[in-house]
Amino acid sequence: MTVRWLQSRSARKFFRHRPAVVALVVISLYLAVAVAVLLGGVTMEQTLERIGPGNLPGFQGRQLAEKRVEDCAMVLDRVEKALKRPSNLRAALGEIRYGLLRVADRPPEELRALVDQGWEIYDELVESPDLNADPSLLPQIEQLERLTGQLFAPLSGWQSLVRQFRLLLGTDRQGRSIMLRGVYSIKVAIQIGVITAFISVLIGSLLGASAAFFGGWVDHVVIWLYTTLSSIPYLVLLVVLAYAFSGAVWQFSLLGRPLSVDVGNTLIPVYVALCATFWIGPCRVIRGETLKIKQLEYVQAATATGFGRLYILVRHILPNAAHLMLINFSLLFIGAIKSEVILSFLGLGVKRGPSWGIMISHSAQEVINGFFWQIGAATVFMLVLVLAFNVLTDALQDVFDPKHL
Amino acid sequence: MWVYIIRRLAYNVPVYLGIILLVMAALRVNDPIYGFLGKNASREQYDRFAAATGLDQPFLVQYVRFLGDIARLDFTTESWDQPGISVGQLLSTAIMPSLALTVPALLLTTLISISVGMISAYYRGRLPDRLLVLLAVLGMSVSFLVYIILGQYFGAFWLNRWLGYELFAIAGYKPGLIHWPRYCLLPVMISVIVAMGYDTRFYRAAMVEETGKDYIVTARAKGAGQAKLMFVHMLKNAMIPIITRVMITIPLLITGSILLEMYFNIPGMGRRLILAINAKDFPVVQTFTAVFAAVFIVTNILTDVLYALVDPRVRLS
Amino acid sequence: MDQPQPILSVRHLSTCFRTDRGVVTAVDDVSFDLFPGESLGIVGESGCGKSVTSKSIMRLLPEHLSFLRPESQILFDGMNLARADERTMREVRGNRIAMIFQEPMTALNPVFTIGWQLDEALKYHTSLGREGRRQRTIEMLRLVEIPNPEKRIREFPHQLSGGMRQRVLIAMALCCEPEILIADEPTTALDVTIQAQILRLMENLKQRLGTAIVMITHNLGVIAQTCDRVIVMYAGRIVESAPVKQLFHQPRHPYTKALLESIPRMNPGDHGQRLPSIEGIVPSLYDLPPGCRFADRCPRRQPSCVEAEPELEPVDSASLVRCFFPWE
């Protein structure tokens, strides 16, 4: 079927649409990254790990001298505190880690000497009335940074490359890698998007097609259901569902083993809430399309030939509404990703680990301090994917449903 | 016409009954009393609370009672979280701030988006149109929250620092028209910008759709000019999708206003609802949801009436 | 007396469309004259360019998708409509050249009353007051034999039948007493009985108002019934032009002949015979052959036909034909 489609007229029309092809490539790239993350390319622990000072700009951008000095002081302070606990020095020093950076395996005296040297420079620098405006102090700041760097074990070539990649987009307020968080969030977004869109389109199509095809009370019930659900503003519904599920623990047994799922802490409330509102769109569209297809000669011919109604529904009607399912899938995918941001902001979305929504809502405080790297990164990561889906949806609509408004 | 309106009203009654049913059922999935009192509440405590709030009654009784309350507009149920304050009092203080946000947002969004959509449709295929469409698609691809965060930063913090005095408040709310621009204009503008991406594209498509219609060619063949075509022939026909769109925008605005109210600390209905959810304040959650749904149903009926006013085919069928 | 002056002269009209696959010429170097009070038929298969010709004359084609070649001339009352600006065209449209369309179901604006839509044309082109326009509207509806016009003007298009709507469109086209009426397949979408009524109505109105008519259709029956002169188009070109009697009795171009032969007739001897049809397909406008565009399907094709395209040349005093080997 796929092969046949690739040779069809609509396929040619689609591939002539150049932006759509680019969009498809972009989406495939995101998918590939998501799969890589899923396979352990980036773990959640890595996204939560402090890899350096907070609010570090991306692309090794310029920072205020004051901040550079303070960042060094923080490291000196941590090492100094660890050195003051000689009883379990190794363990205390071992706790100081910035991603791949570990405290160098030197004798404590050497470390202490380095720290003291550092404090000396620091004290001098802090004396200066206007640290930020005085370029003559730059060499001293650089020296301080070099000293601080010497506290850590040098990285191998590959390791330093990894570290540079992690620092590429800077760090958030808690010194976590924005790059890793953004990349990990691709998986979260695609997971939420695919699951929500798939379930919604599935439920919506089945209900919509059945409603139109069987008519009668089935139709009435489905229409009542979607009018009712769509009459609650969807965020209100989401919020109410999230309230209903928060703290709920589901206990059931699977294969004889008791299982308890802390529903409130998973993404299940998000999926339930999103699907409860999202299935309505495809349901309406597919219902309308089925009503139309039902009237067509070939369906009537199939009925007259004596095929079962379910057979006709599955064999003749659903395949002919497949393009609408595709379009709706892509629309709902966008909807799910964007809703995740809002839910996460309200504290009802992703609970563990990063997501674009978490990144954006956490960046509010950073923005007030004039730090835009986290919000920028999350927005761009999201923009590219959503834009690609928008372009793709438009192209699909052009190809399959040119009369669509 | 009246028959039509009454028919629409009658049609929406079972829908509203259904909403209340679903909402009430959903809110009881997880026991609201344990939610409020905490998991470790004693049996005795629980029973006393349930008896006092009527939650010990069978579901059907509760359903009928609640419906009765709504039908009589009786909102005297006491809030759990703020004893002594009725749900109605919370509601009445929250309505004005919400309206101050949503009504201007709806009007501005619709006016600006239709105008931009028409400009785009007028220049269809040429540079201004392409630019507007590109901007709209880009705008649609950015999260609402980003607009809010950046809007607050640049509209309040940055602008205030640059101007040297506070044009827009960073957050907060004061009633009264004089204070409106200071507290509400910035959120309203953010809301308009967010909605514009979707709306201009839609209105453009609605207008473009009309451009291709046969009756437009007929009107041109009669000697109608471009302005007459766009503002009389096409606009009146496009009113049907436009009304639909405006009515679809209303719930989105409610959604948006929940976020804006949270972020800008405006004590409207959305903020009250979220706070009630965080405090597990069951009666407030239940009543506010019912009110939100009622607003929604009313807009639905209004949509139908407007359709009938605009389109003779609906009115006379 | 000299030859009468034509009121409309189309010269070298070429209309092109910009499409995804490049520019196509839908109407290619079409020239003809229309004389006062005359009915001119333009006939051809779908896609032959007849509709585009009419819309080009009215300049109704979307400007961002189509253009007229610079050599095109549409001479009307001393003006060249091919180069006229929108303002001039608005003066001409509906007032001096009017048009009626194929689909009466969609050609009327669904959200305005019949009266309003008739009134609109009068508002643009006459100085009548409100009451005067109302009178004129009712008078026009009565002229097109719509019963109860006082009541009808307050109704909406969806309340009328197809035939009634076409009458309204005719009334609308004629209300400013244009010199030329272009009828683009006016009866195609109607039932056969209604078709006959509408054609009779147009014939009557032509007699009474003296309007010249350009009748565009694929239906040779309609042409036979209403026209004085016929132009046959094929793949964007005029292939034959002749007085209507002559065309039906003595078609010159093989295409015209084939067209005429494909009309079903009720002859006693024909029983059981298959209706002749034209073999092959019309060449794509994207990929036109260098020679005669009909050559592929022509029963009289000679090798020379595919090498060069014949010119449109006179074969006798009244007719022109584009063929190297016309029927005698």
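The structure is a predicted model, so please read every value below as computed from it. Chain A and chain B bury about 4,300 Å² between them, while chain B and chain C bury about 2,300 Å². For each of these interfaces the rule finds one salt bridge, both between chain A and chain B and between chain B and chain C.

**Where chain A meets chain B**

- The contact draws on 43 residues of chain A and 53 residues of chain B.
- Of the roughly 4,300 Å² that chain A and chain B bury together, 77% lies on carbon and sulfur atoms.
- The salt bridge here joins the side chains of B:Arg201 and A:Asp394, with an N to O distance of 2.9 Å.
- Five residue pairs are in polar contact between chain A and chain B, counting pairs with both residues at pLDDT 80 or more.
- On the chain A side, at least two residues each come from helix 11 (216-230), helix 12 (234-245), helix 17 (322-345), helix 18 (356-368) and helix 19 (373-400).
- Sorted by class, the side of chain A that touches chain B holds 29 nonpolar, eleven polar and three charged residues.

**Where chain B meets chain C**

- Here the contact takes 22 residues from chain B and 32 residues from chain C.
- A trio to look at is B:Arg220, B:Ala221 and B:Lys222, which supply 28% of the area that chain B buries against chain C, more than any other three residues.
- Carbon and sulfur atoms account for 60% of the area buried between chain B and chain C.
- B:Lys222 also forms a salt bridge with C:Glu120, and their closest N and O atoms are 2.7 Å apart.
- Twelve residue pairs are in polar contact across the interface of chain B and chain C, again with both residues at pLDDT 80 or more.
- Helix 9 (214-222), helix 10 (226-264) and helix 13 (312-315) of chain B each give at least two residues to the side that touches chain C.
- Helix 9 of chain B makes the largest contribution to that side, with seven residues.
- The side of chain B that touches chain C divides into eight nonpolar, five polar and nine charged residues.

**A buried aspartate in chain C**

- C:Asp119 belongs to helix 3 (residues 114-125) of chain C.
- C:Asp119 counts as buried because its relative accessible area is 14%, under the 20% cut-off.
- Setting aside neighbours within four places in sequence, C:Asp119 is in contact with C:Arg133 and C:Thr137.

- Helix 13 (residues 268-278) of chain A is largely enclosed by the rest of the structure, because nine of its eleven residues are buried.
- Among the buried residues of helix 13 of chain A are A:Pro269, A:Tyr271, A:Leu274, A:Cys275 and A:Phe278.
- The cover over the buried residues of helix 13 of chain A includes helix 10 (178-214), helix 11, helix 12, helix 14 (280-294) and helix 17 of chain A.

Note on methods:
Residues are numbered from 1 along each chain as its sequence is written. Chains are lettered from A and ligands numbered from 1 in the order in which they are written. This is a predicted model: local features need pLDDT of at least 70, side-chain atom pairs count only at pLDDT 80 or more; totals for chains, interfaces and linings use all residues. Side-chain values use heavy atoms; hydrogens and water are left out. Contact means heavy atoms within 4.5 Å. Buried area is the accessible area (1.4 Å probe) that two parts lose on being put together, summed over both. A salt bridge is a side-chain nitrogen of Lys or Arg within 4 Å of a carboxyl oxygen of Asp or Glu. A polar contact is a pair of N or O atoms within 3.5 Å; within protein, one must be able to donate a hydrogen and the other to accept it, and residues adjacent in sequence count only if both atoms are side-chain atoms. Helices (H or I, at least four residues) and strands (E, at least two) are DSSP runs, numbered from the N terminus. Ala, Val, Leu, Ile, Met, Phe, Trp, Tyr, Cys and Pro count as nonpolar, Asp, Glu, Lys and Arg as charged, and the others, Gly among them, as polar. Buried means under 20% relative accessible area, exposed over 50%, partly exposed in between (1.4 Å probe, protein chains only).
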